[in-house]
Amino acid sequence: MGFRSGDDHASRPHDRSHLMLDEILGLPAHPLIIHATVVLTPLLAVAAAVYALAPRTRAALGWAVLGLAVAAPPAAFAARQSGAELKDGRFSSAGGRLGERIAEHESFGTPLVLAVLALGLVSLGMLHVLRAARYGRPVEIAVSGLAVLLAAVAVYYVVRAGHSGAVAVWGS
């Protein structure tokens, strides 16, 4: 598919320990991969929140929430990993204002992955709890409230990561 190692991997054809998400078809992978996270995370957040708060929409949204809950966390992880590879491969010696901007952007990677993972897991749990209708109203309210809270947290981190990345690249 065009994934390429940042090192000359031709000299180590059987060593995959250094295989990186560095490039896709000759372009840096990170700016391409992040688009999945930027799209899937807010979609999951909105779908999960609406599913939690609007019972009439549940029949229509169930499969969307399921698919997004499964797809968004790996997308966020791939974005974080490709960002680390981009930094290590091309910006490891960046200092000054650029280095500060990259460090700020990088600081949102792990919290974003954890927030999206938590939202995905709670969304899956919410699907089960609200469909089973056997756990009782307090559990349904708790899991729905947690899903809405995590949706807000995930959107916060995707916006902060996206903004700080844009500032790192384009300046302010």
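## Contacts around T41

Contact here means that heavy atoms lie within 4.5 Å. With that in hand, let's start from a single residue of this predicted model. Setting aside residues up to four places away in sequence, T41 touches A36, V116, A154 and V158. T41 belongs to helix α1, which covers residues 29-53.

## Overall layout

Stepping back to the whole chain, we find five helices and three strands. The chain has 172 residues, and 37% of them count as buried.

The contacts also tell us how the chain comes together. Taking contacts between residues at least 6 apart in sequence, 66% join residues at least 24 apart.

The chain averages a pLDDT of 88, and 87% of its residues score at least 70. Helix α4 has the highest confidence, at 97, while strand β1 (residues 3-4) has the lowest, at a mean of 43.

Where pLDDT is low, the predicted coordinates should not be read in detail.

## Salt bridges

A search of the whole structure turns up five salt bridges. One of them pairs R90 with E23, whose closest N and O atoms are 2.8 Å apart. This pair links distant parts of the chain: R90 sits in helix α2 (residues 58-90) and E23 in strand β2 (residues 23-24), 67 residues apart. The two partners also differ in their surroundings. R90 is partly exposed, with a relative accessible area of 39%, whereas E23 is buried at 8%.

Another salt bridge joins R97 to E100, with 3.2 Å between the closest N and O atoms. Both residues lie in helix α3 (residues 96-107), three residues apart, or about one turn of the helix. The side chains of E140 and R137 meet in a salt bridge as well, at 3.8 Å from N to O. What separation along the helix do E140 and R137 have? They are three residues apart in helix α5 (residues 137-170), and therefore about one helical turn separates them. E140 is buried, with a relative accessible area of 15%, while R137 is exposed, at 56%.

## The largest pocket

The largest pocket holds about 820 Å³ of space. Of the 31 residues that line this pocket, H30, G83, L86, H105 and G165 are the closest to its centre. The elements giving two or more residues to the lining are α1, α2, α3, α4 (109-132) and α5.

Which element gives the most to the lining of the largest pocket? That is α5, with eight residues. Sorted by class, the lining has 20 nonpolar, eight polar and three charged residues.

Is L149 buried or exposed? L149 counts as exposed because its relative accessibility of 52% is over the 50% limit. Along the chain, L149 and L119 are 30 residues apart, and their C-alpha atoms are separated by 8.8 Å.

How values were computed. Residues are numbered from 1 along each chain as its sequence is written. This is a predicted model: local features need pLDDT of at least 70, side-chain atom pairs count only at pLDDT 80 or more; totals for chains, interfaces and linings use all residues. Side-chain values use heavy atoms; hydrogens and water are left out. Helices (H or I, at least four residues) and strands (E, at least two) are DSSP runs, numbered from the N terminus. A salt bridge is a side-chain nitrogen of Lys or Arg within 4 Å of a carboxyl oxygen of Asp or Glu. Buried means under 20% relative accessible area, exposed over 50%, partly exposed in between (1.4 Å probe, protein chains only). On a 1 Å grid over the protein atoms alone, a cavity is a set of points where a 1.4 Å probe fits but cannot get out, and a pocket is an open set with protein on both sides within 12 Å along at least five of seven lines; lining residues have an atom within 4 Å of a point. Grid points are joined across faces, edges and corners, and a volume is the space filled by probe spheres set on the points. Ala, Val, Leu, Ile, Met, Phe, Trp, Tyr, Cys and Pro count as nonpolar, Asp, Glu, Lys and Arg as charged, and the others, Gly among them, as polar. pLDDT is the predictor's confidence in each residue, from 0 to 100.
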